[in-house]
Amino acid sequence: MRARRVLWVACAAQLLVVLDTSVVNVALPSIRSDLDMTPPTVSWLALAYTLGFAGLLPVGARLGDLFGAAKALRMGMLGFTVASLIAGIAQDPGLLVVARVGQGVFAAMVAPATLTLITSTYPQGPARVRAIAAWTAAGLAGGGLGNVVSGVLTQWVHWRAVFLIAVPIGLAVVAAGGRSPQRLPKRFRLNVVGAVLVTATFTAATYALTTLPNGNRFWWLGAVAALVLGAVSVLHQVHSDEPLIPRRLWGHRQVVLGNTATFLAGMSFQVAIWFFLTFLLQHRLGFTPALTGLAFLPLTVTMFAVNTWAASRVTERFGARPVTVVGAVIAAVGLFFQAVVPLEPPLAAVVIPALFIGAGAGLFNAPLTAIVTSGIGRDDAGAASGMMNTAKQFGGVIGLAVLTTATGDRTAFAVMAGLTIAAGLVVTVIDVPRHRRDTRAASIGRRLR
């Protein structure tokens, strides 16, 4: 595929899979009412997609290495489209939860393939920085647009439309995916057992964290299961011939610290921020579903604008590390302000924090992605993409589970501010090589514009 086509296909696919992490949020009250869902089932519906997504990301990344990123993207998007159709017509709460897990499983093939397509197509340098900034902007926009789409469709069409809208978009991405040559590894085996163990570990941990504040006396079973499964998972990875993440990546300090920062940031930005803002807007400010969705626009537009038009330019000039740290600080200021700002007038309570959070997140995400993926060889591109996406998604799962134990949304936003500062502090100790724009990189960048 030509470079520009690769970028458009990758961004469209990334936007769709990220959009589905949040598209159910505003629709949850209507879904619960129509399908007569119990509160525990509702909470698992909110987490089902992310659990399936995060758990199978390492396998999805390896499938990209096996089949080629373009083919993996088409296969994953086709499965994602079918699962979206099932979710949209499901009449049973259990089938809806299973369909959401299915969406997440196939999204796990799509997400790493989109980033691998970009890093394999664009050489390291300014052109790749701009491409990654566009890809990151699509992901950020997807998270915010999911809430907008959810609110508008739930109020003016039907909650089923929030799932069915993915069907035509998914088919369009499949049709435009094209083909790309990719050599097959001589020896390759999918470590499905490892993926199942990792998923089971985080599922058990999520169960323990979500049931503890409700006084469920069996929460400790989840905690024990998480510890045991976690230990078994580590032993399995140590002794496996085909670990989910190549062992050489664990020795790459830049990758490990970058993914630690990604995990911490994911605890705030992947799921929790949208969840708690929805609670704030609908339950405390009394917004309708449509108005709640539209209220996310200031945050979404700011993130998208800063990430698209500012992040790559300032990163090229000042380097990825300082821009990432500054972005974390700005976002943390916005999150803390959201925790303390009075709710009157409502416009100020929504817009002012959104400008800080959006600007900070817009500066933070793209350079952090560049840090994690820089210096990685082509053979490890898929695994590195999967590792980063896994850290982000599991960060979202654990973040929401932990933050729901907070005494209210204000406490949750204050904790999110602390987590964002912690992510920025981790970035300060990463030794990032500065890639200067030499003549060759500059010429390549001009040709790909």
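Glutamine 338 sits in helix α16, which covers residues 320–340, where helices (H or I, at least four residues) and strands (E, at least two) are DSSP runs numbered from the N terminus. The model is a predicted one, in which local features need pLDDT of at least 70, side-chain atom pairs count only at pLDDT 80 or more, and totals for chains, interfaces and linings use all residues. Residues are numbered from 1 along each chain as its sequence is written, and side-chain values use heavy atoms, with hydrogens and water left out.

- Glutamine 338 counts as buried because its relative accessibility is 5%, the cut-offs being under 20% relative accessible area for buried, over 50% for exposed and partly exposed in between, with a 1.4 Å probe and protein chains only.
- Apart from residues up to four places away in sequence, glutamine 338 touches Leu277, Leu280, Ala349, Pro353, Arg410 and Phe413, a contact being heavy atoms within 4.5 Å.
- Glutamine 103 belongs to helix α5 (residues 93–121), and with a relative accessible area of 0% it is buried.
- The contacts of glutamine 103, leaving aside neighbours within four places in sequence, are Asp20, Tyr49, Phe80, Ala83, Ser84 and Phe163.
- Between glutamine 103 and glycine 76 the C-alpha to C-alpha distance is 9.3 Å, and the two are 27 residues apart in sequence.

**The largest cavity**

- There are two cavities of 30 Å³ or more, where a cavity is a set of points, on a 1 Å grid over the protein atoms alone, at which a 1.4 Å probe fits but cannot get out, and lining residues have an atom within 4 Å of a point.
- The largest cavity has a volume of about 360 Å³, a volume being the space filled by probe spheres set on the grid points, which are joined across faces, edges and corners.
- Its lining consists of 24 residues, and those nearest the centre of the largest cavity are Gly139, Leu140, Gln270, Asn365 and Lys392.
- At least two lining residues of the largest cavity come from each of α1 (3–22), α6 (126–156), α12 (253–269), α17 (346–373) and α18 (381–403), with α6 giving the largest share, five residues.
- By class, the lining of the largest cavity holds 11 nonpolar, 12 polar and one charged residue, with Ala, Val, Leu, Ile, Met, Phe, Trp, Tyr, Cys and Pro counted as nonpolar, Asp, Glu, Lys and Arg as charged, and the others, Gly among them, as polar.

**The second largest cavity**

- The second largest cavity holds about 100 Å³ of space, and Gln338 is one of its lining residues, which also include Leu277, Leu280, Phe296 and Ala349.
- Helices α13 (272–284) and α17 are the elements that give two or more residues to the lining of the second largest cavity, and α17 gives the most, four residues.
- This lining of the second largest cavity divides into 10 nonpolar residues, one polar and no charged.

**The chain as a whole**

- The secondary structure of the chain amounts to 20 helices and zero strands, and its C-alpha trace spans about 55 × 45 × 40 Å along the principal axes.
- Buried residues account for 58% of the 449 residues in the chain.
- Among contacts in the chain with a separation of 6 or more, 86% are between residues 24 or more positions apart.

Definitions and conventions. On a 1 Å grid over the protein atoms alone, a cavity is a set of points where a 1.4 Å probe fits but cannot get out, and a pocket is an open set with protein on both sides within 12 Å along at least five of seven lines; lining residues have an atom within 4 Å of a point.
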